Amino acid sequence: MNIGRSIKVGLARSQGPNNHKELAKELGVSEGHSINMAMREYANSRRIKKLADIFGVAASEFIAWGE
């Protein structure tokens, strides 16, 4: 699973956040907080579910984007 790749796909889609700044806001991290750092923090199933919810898809679909 490549969370970074999943996020790139999610950001490219028309639904959900359109850029890293919007994603950071959705995740509740400051704009200055590195998305890469945030992704290290999001490496468990509960957090994957939150990312999937942000992009409006099931966790399995979000994970599949990164494969």
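## Salt bridge

A salt bridge is a side-chain nitrogen of Lys or Arg within 4 Å of a carboxyl oxygen of Asp or Glu. The partners are K49 and D53, whose side chains meet at 2.7 Å, N to O. Side chains of opposite charge can pair when their charged atoms come close.

Both K49 and D53 belong to helix α4, where they are four residues apart, about one turn of the helix. Helices (H or I, at least four residues) and strands (E, at least two) are DSSP runs, numbered from the N terminus. K49 is partly exposed, with a relative accessible area of 43%, and D53 is likewise partly exposed, at 45%. In these terms, buried means under 20% relative accessible area, exposed over 50%, and partly exposed in between, with a 1.4 Å probe and protein chains only.

## Basis of the model

Residues are numbered from 1 along each chain as its sequence is written, and side-chain values use heavy atoms, with hydrogens and water left out. Because the model is predicted, local features need pLDDT of at least 70 and side-chain atom pairs count only at pLDDT 80 or more, whereas totals for chains, interfaces and linings use all residues.

## Overall architecture

The protein chain has five helices and zero strands, giving the pattern α-α-α-α-α along the sequence. Of its 67 residues, 34% count as buried. Contact means heavy atoms within 4.5 Å. Among the contacts in the protein chain with a separation of 6 or more, 54% are between residues 24 or more positions apart.

## Helix α2

Helix α2 spans residues 20-27, and its buried residues are L23, A24 and L27. These cover an arc of only 100° around the axis, which puts them on the same side of α2; the arc is that of the directions from the helix axis to the C-beta atoms. On the other side of α2, K21 and K25 are exposed.

The N-terminal end of α2 is capped by N19, with a side-chain oxygen 3.1 Å from the backbone nitrogen of K21. Such a polar contact is a pair of N or O atoms within 3.5 Å; within protein, one must be able to donate a hydrogen and the other to accept it, and residues adjacent in sequence count only if both atoms are side-chain atoms. After α2 comes G28, whose phi is positive, near 80°.

## Helix α4

In α4, the residues I48, L51, A52, I54 and F55 are buried. Their arc around the axis is only 155°, which puts them on the same side of α4. Just after this helix, G56 takes a positive phi of about 75°.

## Nonpolar core

A nonpolar core is a set of buried Ala, Val, Leu, Ile, Met, Phe, Trp, Tyr and Cys residues joined through side-chain atoms within 4.5 Å. The largest such core has 15 residues, of which I7, L23, L27, L51, F55, V57 and F62 touch the most other members. Helices α1 (3-12), α2, α4 (45-55) and α5 (59-65) each supply at least two residues of this core. Its largest share, five residues, comes from α4.

L23, in helix α2, is buried at 0% relative accessibility. Not counting residues up to four places away in sequence, L23 touches I7, L11, P17, L51, I54 and F55. L23 and L51 are 28 residues apart in sequence, and their C-alpha atoms are 9.0 Å apart in space.

## Helix α1

I3 is placed in helix α1 and is buried, with a relative accessible area of 12%. The C-alpha atoms of I3 and I48, which are 45 residues apart along the chain, are separated by 8.5 Å.

S6 is also found in helix α1 and counts as buried at 0% relative accessibility. Leaving out residues up to four places away in sequence, S6 touches F62, I63, W65 and G66.

## Aromatic residues

Rings of Phe, Tyr and Trp (its six-membered ring) pair if their centres lie within 6.5 Å; planes under 30 degrees apart count as stacked, over 60 as edge-to-face and the rest as tilted. By this rule the count comes to three aromatic pairs. One of them joins F55 and F62, which are stacked at 6.0 Å centre to centre with 15° between the planes. Both F55 and F62 are buried, and together with W65 they form one aromatic cluster.
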